[in-house]
Amino acid sequence: MRANADLARVVRYGLSGGASTVTHFGLGLAGIHLLHLRPVIASTIGFLASIAVSYLLQRRWVFRSSTGHALAGSRFLVVTAVAFTINTAVLWLGTEVLAAPYPIVQPIALTLIPAINYFLNSRWTFS
């Protein structure tokens with residue numbers, strides 16, 4: 001029974017990640033094509049909105065947490081900063097130090113980050 005609940009939570013986590021990604025990319029595209037924003041600005045707006053979507057879905061739906069927003073929100077931002085740091089470190093090490101191509105390196109980071117985020121959010125952010 002516990003394994004089914006854990007699997008369901010992982011599936012919800014994946015779906016919330018998909019919603020976050022669609023938010024980031026969709027708002028970025030809308031900002032560029034509809035509002036004629038520069039790509040970095042449009043992507044930044046999409047990224048910030050995706051953080052909000054991800055936090056709300058994970059708190060309410062994925063982890064079903066009752067931890068207050070002040071505590072959970074601040075912890076979520078710390079986990080987001082950790083993910084950004086991991087992404088930057090993996091990309092720097094892979095592309096700059098090891099001279100590996102970006103299309104090879106980025107998927108490594110994109111595999112590590114969700115696993116680390118899930119662990120930190122389930123054990124700390126929303127516990």
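1. Thr111 is exposed, at a relative accessible area of 57%; exposed means over 50%, buried means under 20%, and partly exposed lies in between, using a 1.4 Å probe and protein chains only. Thr111 sits in helix α4.

2. A word on what you are looking at. This is a predicted model, in which local features need pLDDT of at least 70 and side-chain atom pairs count only at pLDDT 80 or more, while totals for chains, interfaces and linings use all residues. Residues are numbered from 1 along each chain as its sequence is written, and side-chain values use heavy atoms, with hydrogens and water left out.

3. Now the overall picture. The chain has 4 helices and 0 strands, and along the sequence the pattern reads α-α-α-α. Helices (H or I, at least four residues) and strands (E, at least two) are DSSP runs, numbered from the N terminus. The C-alpha trace spans about 45 × 40 × 25 Å along its principal axes. Of the 127 residues, 33% count as buried. Among the contacts with a separation of 6 or more, 61% come from residues 24 or more positions apart; a contact means heavy atoms within 4.5 Å.

4. How do α1 and α2 pack? Their axes are 7 Å apart, at an angle of about 155°. The axes are lines fitted to C-alpha atoms, for helices over the stretch in contact, and the angles run from 0 to 180 degrees between N-to-C directions. Helix α1 passes α2 in a right-handed crossing. That term applies if the near helix is turned clockwise from the far one by less than a right angle, and left-handed if anticlockwise. The contact of α1 with α2 divides into 13 nonpolar, 11 polar and 2 charged residues. Here Ala, Val, Leu, Ile, Met, Phe, Trp, Tyr, Cys and Pro count as nonpolar, Asp, Glu, Lys and Arg as charged, and the others, Gly among them, as polar.

5. Next, follow α2 on to α3. Helix α2 covers residues 39-62 and helix α3 covers residues 69-97; their axes come within 11 Å and cross at roughly 125°. The two are therefore oblique to each other, and α2 passes α3 in a right-handed crossing. Where do they touch? Residues of α2 including Phe47, Ile51 and Tyr55 meet residues of α3, among them Ala72, Phe76 and Leu77. By class, this contact has 6 nonpolar, 5 polar and 1 charged residues.

6. Val105, Ala109, Ile113 and Tyr118 are among its buried residues, and so are Asn117 and Asn121. The buried residues of α4 pack against α1, α2 and α3.

7. The aromatic rings deserve a look of their own. A search of the whole structure finds 7 aromatic pairs; rings of Phe, Tyr and Trp (its six-membered ring) pair if their centres lie within 6.5 Å, with planes under 30 degrees apart counted as stacked, over 60 as edge-to-face and the rest as tilted. Tyr13 and Tyr118 form an edge-to-face pair, 5.0 Å centre to centre with 75° between the planes. This pair links distant parts of the chain, with Tyr13 in α1 and Tyr118 in α4, 105 residues apart. Tyr13 counts as buried at 12% relative accessibility, and Tyr118 is buried at 16%.

8. The ring centres of Phe63 and Phe126 are 5.5 Å apart and their planes lie at 20°, so the pair is stacked. Phe63 is in the loop between α2 and α3, and Phe126 is in the segment after α4, 63 residues apart. Both residues are buried. Ring pairs link Tyr13, Tyr55, Phe63, Phe76, Tyr118 and Phe126 into a cluster.

9. Finally, check two loop residues. Most residues other than glycine have a negative phi. Arg64 has a positive phi of about 45° although it is not a glycine; Arg64 is in the loop between α2 and α3 and counts as exposed at 56% relative accessibility. Ala99, also not a glycine, has a positive phi of about 55°. Ala99 lies in the loop between α3 and α4 and is exposed, with a relative accessible area of 61%.

Note on methods
Parallel < 35°, antiparallel > 145°, perpendicular 65-115°, else oblique.
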